[in-house]
Amino acid sequence: MVKTSVTLSGLTLDNPVIPASGTFGYGYEFAELYDINILGSFSFKGTTQQPRFGNPTPRIAECTGGLINSVGLQNPGIEKVIAEELPRMAKCFHKPVIANISGFSVEEYVHNCALIDTQPQVGIIEVNVSCPNVHHGGMAFGTDPACAAEVTRAVKAVCKKPVYIKLSPNVTDIVSIAKACEEAGADGISLINTLMGMRIDLKTKRPVVANKMGGFSGSAIFPVALRMVYQVYEAVKIPIMGIGGVSSADDVIEMMLAGATAVQVGAANLVEPFACKKIIEDLPRAMEQYGIQSLSDIIGGAHQ
Amino acid sequence: MVKQSLFTILSHTRLTDSMYRLVLSGDTSAITAPGQFVNIKLDGFFLRRPISVCDYDETTLTLLYKTVGKGTRFLSTLKEGEVLDILTGLGNGYDTAKSGDRPLLCGGGAGVPPMYHLAKVLLAEGKKPQVLLGFNTKDEIFYKEEFRALGTDVYLATADGSYGTKGFVTDLISLTGDYTYAFACGPIPMLKAISDAIHCSGQFSFEERMGCGFGACMGCSCQTKYGNKRICKDGPVLQKEEIIW
C-alpha cells in the first residue's frame, strides 16, 4: 500500500494534487462531475479587493501544447468571496482550501489577506505576485526581490495562516526572488505562474487576444516550471508547490523529485475536466511502477 | 450536467465549400435543450473545439460545423468509424416555454445549425415556427430542404441576392406573418439587427473564444444587464432584455 499524503506547513493533504487558481473556479463546475473531496486541496480563483470583470474578450488563444489566457483576475471581490463563495464552496469541499489573493498595492494585499486569514475554511493563503494580465499590480510585485519581500513581510504581519508567495517565471533570476520571500517570512513558495506569450491571427494580422499578450500555460511549459522548482529548491528551505504544465501522475512525481512538496494542476483541468481525478487515481500505479512507497520521501529526490 | 464520453463517427459529409455534417453515435443523455453545444477533443490540439448541436436523439448526435481554422480543418479529415472524446450537455440552450405560438427562428451562416433541433422541439410542442435563414451567397446555403421537410415555413436570404431575398435575415421578417417571439443565432451584427427589428422578446445565442467550455476559466465572460455571464455556462443563449449591445 503506497502512501500519497504530504504535509505543507503543518497541513496534511491526502495527496499532493491541487487544482491551480483560475482553472477551477470555486470548484462548483467540477463538483458536478466528481467528488472533489478526493483532491489534496484546491486553490480558488484569484481574489482582489474590488470586483473585477477582467480584460476584454477574446481572452483565449490556442498554442501548441497549451493556451494563452488574458482573463485579468475576473472575480467578485473579497467581500463577496467571503460572504457568498466560501459558504457555497463549503457545501462541496470539506477540506481546507487555498485562498489565492491578488492586489494592486501592498495595502490591498494586506487588506485582502487579513480578511481571508479569519476564514476557518482557508488552510493556506497563496499570494499572487505574478499575474501577467493586469497593469500596475500583480506581476509588478513579483519581478523584483525587494518588492516581493515587501509584500511578503506586510502580509505575514497580518496573517496567522501559512502564506505562500506565487512567483512569476517572467524574471531573470527566480531564485533571488524566492530567497527574498523566504527571508521576509514566507511559509512557502508556489511556482510558476504563466509565461508571458502572444499569438497573432494570420487572417486579421492582429493579436488574437484583445489584451494583445497573455499568460501561456499547458503541458508545453512543464520543463520550464520543473527547472525553476529545481533551482528554487536548492536555494530555499521552505516548501514549494510546483505548478506548470502538470497533466499526469508521472508529471506529479517528476515535479516532486525536482523539489515540490505539493503539485498544482492548471490548464489540464480546462481541456480534461477529470484531469485531477485521473491523476489521483493513477498515482498509486505510477508510484509502484517507479518503486516509490511514500510520496513525501521523494521530495527533492533528484538533488541527491 | 456535463458529460464526457466517446462518440463514433457514423457519417461525415461535406455540405458546402466550408460546412460539414458530422453524425456520431454515442451517449447523448446530457443534452437537455436545443442550442446547447459540445466540446470536441482533437488529436494534436490543446483546446477542445466547441460546436453547436444541430440535432440529436437517444443514440445519435448531428453536428454541422464550418471549417474556420486548423482545428476544424483537421476535424474535417476524420473518417467514418473514428472515435472522438466529446463533452456534451454544455451551455444553457434555448428555453421554448416563452415562445408563444409563432416564434421566428433566425439563423445566419454558421448560426443556422442549432435552429434545426429547435424547430423540431417547437413543432413537437404544437407551435408553428417560422424559419428565416441568411447566407452570403447561394453556394453557401445548406439544410434548406431539411428545414422544409420538417413542415415549417422557411424563408431564405442571400447577401448577394443569388438566391431568395437579397439582403439579410432581418429583411425576411416583413415577409412572415404575425410572430410571437424570436430565437436567433449568427454573427453579432445580425443578432443586434434582429433585436432592433422585432417587436417582441427573444433569445440570442452568442459565440466567444472559449477555454474550457464548462464555466471554469472565465475565458468567455461578457457583461449583461443582469451581471457578468460566462458564454459557455450561463449562455450561449441570452435573453433580449439582458443583452448590452
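Ser9(A) is partly exposed, because 15 other C-beta atoms lie within 10 Å of its own, a count between the 12 or fewer of an exposed residue and the 20 or more of a buried one. The structure described here is a predicted model. Ser9(A) sits in the loop that links β1 (6-8) to β2 (11-13) of chain A, and its phi is positive, about 50°, although the residue is not a glycine.

**Backbone features in loops**

With 13 C-beta neighbours inside 10 Å, Lys212(A) is classed as partly exposed.

The two residues are set out below.

Cis peptide bonds form another topic. In chain A, Leu191(A) and Ile192(A) are joined by a cis peptide bond with an omega of about 15°. Ile192(A) is found in the loop between β9 (188-191) and β10 (195-197) of chain A. In chain B, the peptide bond from Gly235(B) to Pro236(B) is cis, and its omega is near 10°. Pro236(B) lies in the loop that runs between β15 (227-230) and β16 (237-239) of chain B.

**A buried strand residue in chain A**

Ile98(A) is part of strand β6 (residues 97-101) of chain A. It counts as buried because 28 C-beta neighbours lie inside 10 Å, where 20 or more are required. When neighbours within four places in sequence are left aside, the contacts of Ile98(A) are Ile18(A), Ser41(A), Phe42(A), Ser43(A), Gly123(A), Ile124(A) and Glu126(A). Asn128(A) stands 30 residues away from Ile98(A) along the chain, and the C-alpha atoms of the two are separated by 12 Å.

**Helix α9 of chain A**

Helix α9 of chain A comprises 15 residues (275-289). At 1.5 Å a residue, these should span 21 Å, and the end C-alpha atoms are 20 Å apart, so the two values agree. The helix has a kink of about 40° at Leu283(A), shortly before the proline Pro284(A).

Leu283(A) is also one of the buried residues of α9(A), together with Ala275(A), Cys276(A), Ile279(A), Ile280(A) and Met287(A). An α-helix has 3.6 residues a turn, so residues three or four places apart point the same way. After the helix comes Gly291(A), which has a positive phi near 65°.

**Overall form of chain B**

Chain B contains five helices and 16 strands. Its radius of gyration is 17 Å, close to the 18 Å that the globule rule gives for 245 residues, so chain B is as compact as a globular protein of that length. The C-alpha trace of chain B spans about 45 × 40 × 35 Å along its principal axes. Of the 245 residues in chain B, 49% are buried. Among contacts in chain B with a separation of 6 or more, 61% are between residues 24 or more positions apart.

**Domains of chain B**

The domain assignment divides chain B into domain 1 (3-90), domain 2 (96-204) and domain 3 (206-245). The C-alpha centres of domain 1 and domain 3 of chain B are 22 Å apart. Eight residues of domain 1 of chain B are in contact with seven residues of domain 3 of chain B. On the domain 1 side, the elements that give two or more residues are β3 (37-40) and β7 (83-90) of chain B. By class, this side has five nonpolar, two polar and one charged residues.

**Contact between the chains**

Between the chains, 24 residues of chain B are in contact with 27 residues of chain A. Strand β14 (residues 221-224) of chain B gives the most to the chain B side, with three residues. By class, the side of chain B that touches chain A has 13 nonpolar, seven polar and four charged residues.

Methods. Residues are numbered from 1 along each chain as its sequence is written. Chains are lettered from A and ligands numbered from 1 in the order in which they are written. This is a predicted model: local features need pLDDT of at least 70, side-chain atom pairs count only at pLDDT 80 or more; totals for chains, interfaces and linings use all residues. Helices (H or I, at least four residues) and strands (E, at least two) are DSSP runs, numbered from the N terminus. The expected span of a helix is 1.5 Å times one less than its number of residues. The bend at a residue is the angle between axes fitted to the seven residues ending there and the seven starting there. Domain bounds come from an automatic or database domain assignment. Two residues are in contact if their C-beta atoms, placed from the backbone, lie within 7 Å. Ala, Val, Leu, Ile, Met, Phe, Trp, Tyr, Cys and Pro count as nonpolar, Asp, Glu, Lys and Arg as charged, and the others, Gly among them, as polar. The radius of gyration is taken over C-alpha atoms; the globule rule is 2.2 Å times the number of residues to the power 0.38.
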